[in-house]
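Please look through the chain shown below before reading on. The report that follows takes up its features one group after another.

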Amino acid sequence: MRINLNLPANGKRLIYDLAAFGLPEVPYLAAQNLPFTTLALPTHLHKGCMEINHILKGERVYRVGGKDYHLRGNQVFITWPDEVHGSGSYLHGRGLHFWMQIRLPKPGRPFLGFGAKRAAPLLDALWDLPRRQFRAGSEMRGLYARMLQLCREGPSPLAAMEMSALMAEWLLDIAGAASDAWEDDISPDIAKTLKIMENNPMRHYSVSELAEAACLSESRFKGKFRDQVGIPPGEYLQRRRLEMAARKLVCGRRSNITDVALDLGFASSQHFSTVFKKFFGTSPAVWIREFGQGGTDRKTENGIRPAKDKDGFIPWVDEEGRLHGYICGEEEI
């Protein structure tokens, strides 16, 4: 059964504090359908909170401890309390995304409205997750959608009981999914074609060329590529070229739009600008003006850099005054 999430089409985040439902352990439950690729996430941490990201559709890269984790549709990614992370040099990909921040007490404490004894097995499992990246369970989307619906409807005694039960079930699914056997979904034949495209993204590869490199028929290659990567090969290559273009425009030696367009194999600057705007939601000229040197401060979402806190971190605050985390230096990632 298809679940209608009713997320804003303009990319606006839905963010809820579950303290209103009697769950102060969950100060941040969020969902977003991001229609455009955006700037890289700043290097940051969440004080005292585990963050659980569920990528339902699209691509994301998270960088932790010097390692890049590439996520695709229906994968989960975990960061631990106070763990520094970001997206490194990768742009933040468009797609459908659930995530929450949750304060995990040490085992032996109450949790989600359950007494210490009853909550202990779940807390033990969450503190001891065997991996930080894994495939989501089949029921997780529906459970999260129902929690979002309760947030929209508002708290009540019965809603608080249901929210506690749903959250416990969702976290049990997290613990179970993290324990399942898992390895990267990319098979050697598809990985070979990805490497070919990554090595020369300026070239226009035909499906027949890539299928031949993978030793597959065209139809088998297209189906297998989409199943494993989440998007068709042509769109994958287009995304890589546009991401490279965005970095060149703001970080390269030159930011001439025509030069960048031609360097990356686009027929003209007009065609490049049209494709760029569809992907990023803004024109190359505006991208340079806002995010190039002298543009908007990329350390915050509203262009205003708050003062550092007592620990030397910069609060990451959006336009509505919501705290997302604490920004720290790039060298710490």
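## Aromatic rings, sheet and buried residues

In this predicted model, F266, F272, F276, F279, F280 and W287 are linked by ring pairs into a cluster. The count of aromatic pairs comes to 13. One of them is formed by F98 and Y144, whose ring centres lie 4.2 Å apart with the planes at 5°, so the pair is stacked, since planes under 30 degrees apart count as stacked. This pair links distant parts of the chain, with F98 in strand β9 (residues 95–102) and Y144 in helix α2 (residues 140–153), 46 residues apart.

Rings also take part in arrangements with charged side chains. The charged end of R241 is placed over the ring of F266, at 4.2 Å from its centre, and F266 itself belongs to the cluster of linked rings named above. R240, in turn, lies over the face of Y236, with 4.5 Å to the ring centre.

An open sheet is formed by 6 strands in the order β1-β2-β9-β4-β7-β10, with antiparallel pairing. Its edge strands, each of which pairs on one side only, are β1 (14–16) and β10 (133–135), and neighbouring strands of the sheet are turned by 15° against each other on average, direction ignored. Helix α3 (residues 157–179) lies across β2 (28–34), β4 (50–58), β7, β9 and β10, and runs at about 105° to β10.

How many bridges join β7 to β10? These antiparallel strands are joined by 3 bridges. Q75, which is found in strand β7 (residues 75–79), stands opposite R135 in β10, and the side chain of Q75 also makes a polar contact of 2.9 Å with the side chain of Q133.

| Residue | Relative accessible area | Class |
|---|---|---|
| M197 | 1% | buried |
| Q75 | 2% | buried |
| F98 | 0% | buried |
| Y144 | 0% | buried |

Q75, at 2%, counts as buried because the class takes in values under 20% relative accessible area.

Note on methods. Residues numbered from 1 in each chain as written. Predicted model: local features only at pLDDT ≥ 70, side-chain atom pairs only at ≥ 80, totals over all residues. Heavy atoms only, no water. Buried < 20%, exposed > 50% of the residue type's maximum accessible area, 1.4 Å probe, protein only. Helix = DSSP H or I, 4+ residues; strand = E, 2+ residues; numbered from the N terminus. Polar contact = N/O pair within 3.5 Å; in protein donor to acceptor, adjacent residues only side chain to side chain. Phe/Tyr/Trp six-rings, centres within 6.5 Å; stacked < 30°, edge-to-face > 60°. Lys NZ or Arg CZ within 6 Å of the ring centre and 35° of its normal. Pairing = 2+ DSSP bridges. Axes fitted to C-alpha atoms, helices over the stretch in contact; angles between N-to-C directions. Contact = heavy atoms within 4.5 Å.
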